[in-house]
Amino acid sequence: MEIEERTLKLISDSKDGVYQNELWKMLEIDSRKCSRVITKLMNSDLIIRESAVNNGARTYLIKVVAPEEESYDLLLAGEMFSPCAGCRLACQPEICELLSTWINQLTLEDEIKKDEE
Amino acid sequence: MTDLNDPVVRGYLIQLMGEEGLEMIEKMPAEGEVTDEQIAEATGVMLNIVRRTLFIMNENKLAICRRERDSSSGWLTYLWQLDLSDIESHLAKEKKKLFKNLQLRLESEEDNVFYTCPEGCVRFQFNDASECEFLCPACGEDLMFEDNSPMVEKLTKRLDELKTNNS
């Protein structure tokens with residue numbers, strides 16, 4: 001396992017993050033190398049770090065960037081789910097009436113959103 | 001653990017199996033194997049609906065089925081188990097399918113001119129409308145030109161959202 005991979009795994013395994021002044025000891029590398037690895041991971045947007053104090057020493061608290069969860073809300077138009085799911089009809093999206101109904105529901109969805117605002 | 005209260009998950013399951021199918025899933029044991037008759041008895045859902053729902057679930061890989069042969073009678077028993085663990089990948093596939101179909105629809109809406117019956121009976125492309133002499137074949141009303149720009153706008157917006165969400 002490469003050092004970047006090991007570092008990321010170590011940080012991911014800790015829910016509250018890892019202090020940089022402890023990280024290099026855990027990885028059994030020197031602090032300069034650790035700093036370079038951290039910079040690399042930060043540039044790849046895999047981790048974030050914030051200033052912190054640990055055992056009276058100024059350091060950084062490093063946390064992993066949580067991967068953005070994919071949202072499936074766009075399958076809904078209002079309360080109607082995509083009519084293409086489980087559809088057994090001959091697929092002709094150009095003239096499909098069920099799809100037309102779903103598209104029309106998008107207007108209702110917009111109106112509800114406007115009312116809520 | 002799949003949240004059956006999630007509106008998207010509910011919508012998907014209702015679309016596949018109907019309200020009664022969802023009702024059955026909600027009342028089904030989350031773990032352990034059961035027969036169709038046991039499900040019908042425990043959930044109060046009719047046996048034919050239970051079987052239909054299980055068939056659709058198995059087809060969509062939302063339930064696991066195992067066959068067991070009784071050594072003395074030789075009868076086969078089908079044992080079922082809910083498996084909603086992979087539902088997210090199903091939703092991802094549905095999103096791709098919807099995206100593709102909306103794209104085709106958008107192209108058709110942008111490339112054609114539409115005529116509709118004011119009574120809501122039919123919606124024709126120009127060629128079909130002209131073949132009917134711009135009269136509704138169902139009620140005889142004059143077909144009217146439809147400004148489909150609101151539909152194009154809605155489609156474009158949702159396609160953009162889907163594209164951003166997928167990237």
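This is a short tour of a predicted two-chain model, one selection at a time.

Residues are numbered from 1 along each chain as its sequence is written, and chains are lettered from A and ligands numbered from 1 in the order in which they are written. Because the model is predicted, local features need pLDDT of at least 70 and side-chain atom pairs count only at pLDDT 80 or more, while totals for chains, interfaces and linings use all residues.

**Chain A, by domain.** Select residues 3-64 of chain A for domain 1 and 73-116 for domain 2; such bounds come from an automatic or database domain assignment. The C-alpha centres of these two domains of chain A lie 46 Å apart.

**Helices H2 and H3 of chain A.** Next select residues 20-27 for H2(A) and 31-43 for H3(A). Helices (H or I, at least four residues) and strands (E, at least two) are DSSP runs, numbered from the N terminus. The axes of H2(A) and H3(A) come within 9 Å and cross at roughly 110°. Axes here are lines fitted to C-alpha atoms, for helices over the stretch in contact, and angles run from 0 to 180 degrees between N-to-C directions.

Show the side chains of Gln20(A), Leu23(A), Trp24(A) and Leu27(A) in H2(A), which meet Ser31(A), Cys34(A) and Ile38(A) in H3(A). Residues are in contact if their C-beta atoms, placed from the backbone, lie within 7 Å. The residues of this contact divide into 5 nonpolar, 2 polar and no charged. Ala, Val, Leu, Ile, Met, Phe, Trp, Tyr, Cys and Pro count as nonpolar, Asp, Glu, Lys and Arg as charged, and the others, Gly among them, as polar.

**Lys63 of chain A.** Move to strand E3 (residues 57-64) of chain A and pick Lys63(A). Lys63(A) counts as partly exposed because it has 17 C-beta neighbours inside 10 Å (20 or more other C-beta atoms within 10 Å make a residue buried, 12 or fewer exposed, and in between partly exposed, with C-beta atoms placed from the backbone). Leaving aside neighbours within four places in sequence, Lys63(A) is in contact with Ile11(A), Gly17(A), Ile47(A) and Ile48(A). Its C-alpha atom and that of Leu8(A), 55 residues apart along the chain, are separated by 9.2 Å.

**Chain B, by domain.** Domain 1 of chain B is 7-85 and domain 2 is 89-166. Their centres, taken over C-alpha atoms, are separated by 37 Å.

**The largest core.** Select Tyr12(B), Leu13(B) and Ile25(B), which touch the most other members among the 33 residues of the largest nonpolar core. A nonpolar core is a set of buried Ala, Val, Leu, Ile, Met, Phe, Trp, Tyr and Cys residues joined through C-beta atoms within 7 Å. Two or more residues each come from H4 (97-116) of chain A and from H1 (7-27), H3 (47-59), E2 (76-82) and H4 (87-111) of chain B. H1(B) gives the most, with 8 residues.

**Where the chains touch.** The contact takes 24 residues from chain B and 18 residues from chain A. On the chain B side, H1, H4 and H6 (149-166) give two or more residues, and H4(B) gives the most, with 10 residues. By class, that side has 12 nonpolar, 5 polar and 7 charged residues.

**Gly32 of chain B.** Finish in the loop between H1 and H2 (36-43) of chain B, at Gly32(B). Gly32(B) counts as exposed, with 10 C-beta neighbours inside 10 Å.

Definitions and conventions
Contact = placed C-beta atoms within 7 Å.
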